[in-house]
Amino acid sequence: MKTFYISTPIYYPSGKPHIGHAYSTILADVLSRYKKIIGYDVFFLTGTDEHGQKIQEKSTELGLTPIDFVNNNSLVFKELFNKLNIDYSFFIRTTFDFHKTAVQKTFTELYEKGFIYIDEWQGLYCVSCEENYTKTNAIEKDNEYTCQHGHKLINKKEESYFLKIKEFKEWILTFLKSENIIYPQARVNELINSFVENESFEDLSISRTTFDWGIQILENKKHVIYVWLDALLNYITALGYKQENDSNLKKYWLAEDAEIVHIMSKEITRFHCIYWPIMLKMLDIRRPTKYISHGWIITDKGKMSKSLGNVIDPNLLIEEYGSDALRYFLMKEISLKDDSSFSEELLFNTYNSDLANNFGNLFNRIIGMHKKYTNGVVPTFVIPKNSINIDFLNYLNSFDDNIYEKINELNPSRVIKEIIELMNKSNLLIETIKPWTLFKEGTLDVLNETLSLLAISLKKINFFLSPILVESSKIAWEQMNWNIDKINMDFIKDNNAFNNHILGEAKPIFVRKEKK
């Protein structure tokens, strides 16, 4: 089996998760599930990034120790992921002992190789973003400097260890220009123009002495390792890097044909697509095969922020619409390439039009026709003689290959588009061939071949939506009276699998909502 390794960014648990966290994680989960159903051996990683000055300050404000604070908040993320049916392979926390030990060993290796040196760092610093700024890449307003998100920057001057990033400028330019490594391609030009070919492209400060909530440097214990060296290494420490059992690392990362995909929001693309590849180059470890840098989810007030009061809580949306509807909406309507607007009205409309009216109604319609015309029994599949049915069968036979191609493009909205087309063609077939008229006229051979094709269509629709509609697809299989344990690619490709199968009872899968 081919291996597929996919990761979300590890989330900073200084506050509650919002819709952006949900989107990144659902995206990784959906891609993971799609790869599984087409035969890949998948490892899916998510987790929390738990060190740094902001965590230390937040915990002090609440009268908690940092570890108690992150214990509580990482659990909040896991609870949300459970509600969203996120099927991760491992949830890493950077406070795990194995991770801390591996980071210390990595620092030592880079130091001994000559890639790390000690000096003094001076500049502007964003506590919220955990990011260094210069006056050229900060925003000046009212004699103060802020980061791109509007957080106030503070002046800092302290001793620091530095990673020799500048030595790899030409190498990283070549890497960034490699075809199709970063999606969307527009991010590449942004990275090159704003960071690499910019005076701010300096060696990276990777330690701090002004706070102590972090991984201590063994060579100099007054320093703790700065968040980005610590955090980025999670992608390989979770697989066993610098540990006795590194079998997962060999299988999912080091194997020559392993597919390695990082998902992130665009504001942290610099760290993942510049600093991280350079770190891996320094360590003589292969780089990921794909970086997906998605846009922001914005509201009518702009990018989400607490000050604007437009932070969207996914828990409230799950309570109102269910996790499947939220998963479907985010995968269909939120662009991987650009920023996307969110409104509950759009979610409401998508729920009714796509899930209640199209998906749910199609199941009810096709199962209902079987109940009415064949006592609920799916007719034996035969090569159709009716020209309309012949065209539909040809479409069904090409559907699997088309959907495989879309799955491997790693863009769920394109997969959904293919499935919607199949649903629309199924409804069109019904309206064109009119099974009720065939039954009334006694044209049972055409009726039976039509119903057989529609049953095949239903199983493909449900199978290829199951990575998104996790719970609803199970309900649909129950209505089709099919054992979930018997669902695999052979079943989906076999046009005879439903021969003489007795379907169950159709009931609404998504109940249409009325505006409050």
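Lysine 35 counts as buried, at 1% relative accessibility (buried is under 20% relative accessible area, exposed over 50%, partly exposed in between, with a 1.4 Å probe and protein chains only). Its salt-bridge partner is glutamate 259, at 3.1 Å from N to O. This is a predicted model: local features need pLDDT of at least 70, side-chain atom pairs count only at pLDDT 80 or more, and totals for chains, interfaces and linings use all residues. Numbering runs from 1 along each chain as its sequence is written, and side-chain values use heavy atoms, without hydrogens and water.

**Salt bridges**

- The structure holds 25 salt bridges (a side-chain nitrogen of Lys or Arg within 4 Å of a carboxyl oxygen of Asp or Glu).
- Glutamate 259 is in strand β13 (residues 259-265) and lysine 35 in helix α1 (residues 19-37), so their bridge ties together parts 224 residues apart in sequence. Helices (H or I, at least four residues) and strands (E, at least two) are DSSP runs, numbered from the N terminus.
- Glutamate 259 is also buried, at 19% relative accessibility.
- Glutamate 159 bridges to lysine 222, with the closest N and O atoms 3.2 Å apart. Glutamate 159 lies in strand β8 (residues 154-163) and lysine 222 in the loop between β11 (207-208) and β12 (224-225), so this pair joins parts 63 residues apart in sequence.
- Glutamate 159 is partly exposed at 31%, whereas lysine 222 is exposed at 53%.
- Glutamate 471 and lysine 474 form a salt bridge at 3.9 Å, N to O. Both sit in helix α18 (residues 470-479), 3 residues apart, about one turn of the helix.
- Salt bridges link Glu109, Lys113, Lys242 and Asp284 in a network.

**Aromatic pairs**

- The count is 37 aromatic pairs (rings of Phe, Tyr and Trp, the last by its six-membered ring, with centres within 6.5 Å; planes under 30 degrees apart are stacked, over 60 edge-to-face, the rest tilted).
- Tryptophan 228 and phenylalanine 271 are stacked, 3.9 Å centre to centre with 5 degrees between the planes. Tryptophan 228 is in helix α7 (residues 227-232) and phenylalanine 271 in helix α10 (residues 269-282), 43 residues apart.
- Tryptophan 228 is buried at 11%, and phenylalanine 271 is buried at 4%.
- Tyr5, Phe43, Tyr235, Tyr252, Trp253 and Trp276 form a cluster linked by ring pairs.

**Charges over rings**

- Lysine 78 has its charged end over the ring of phenylalanine 91, 5.1 Å from the centre (the rule is NZ of Lys or CZ of Arg within 6 Å of the ring centre and within 35 degrees of the ring normal).
- Lysine 425 lies over the face of tyrosine 395, 5.0 Å from the ring centre.
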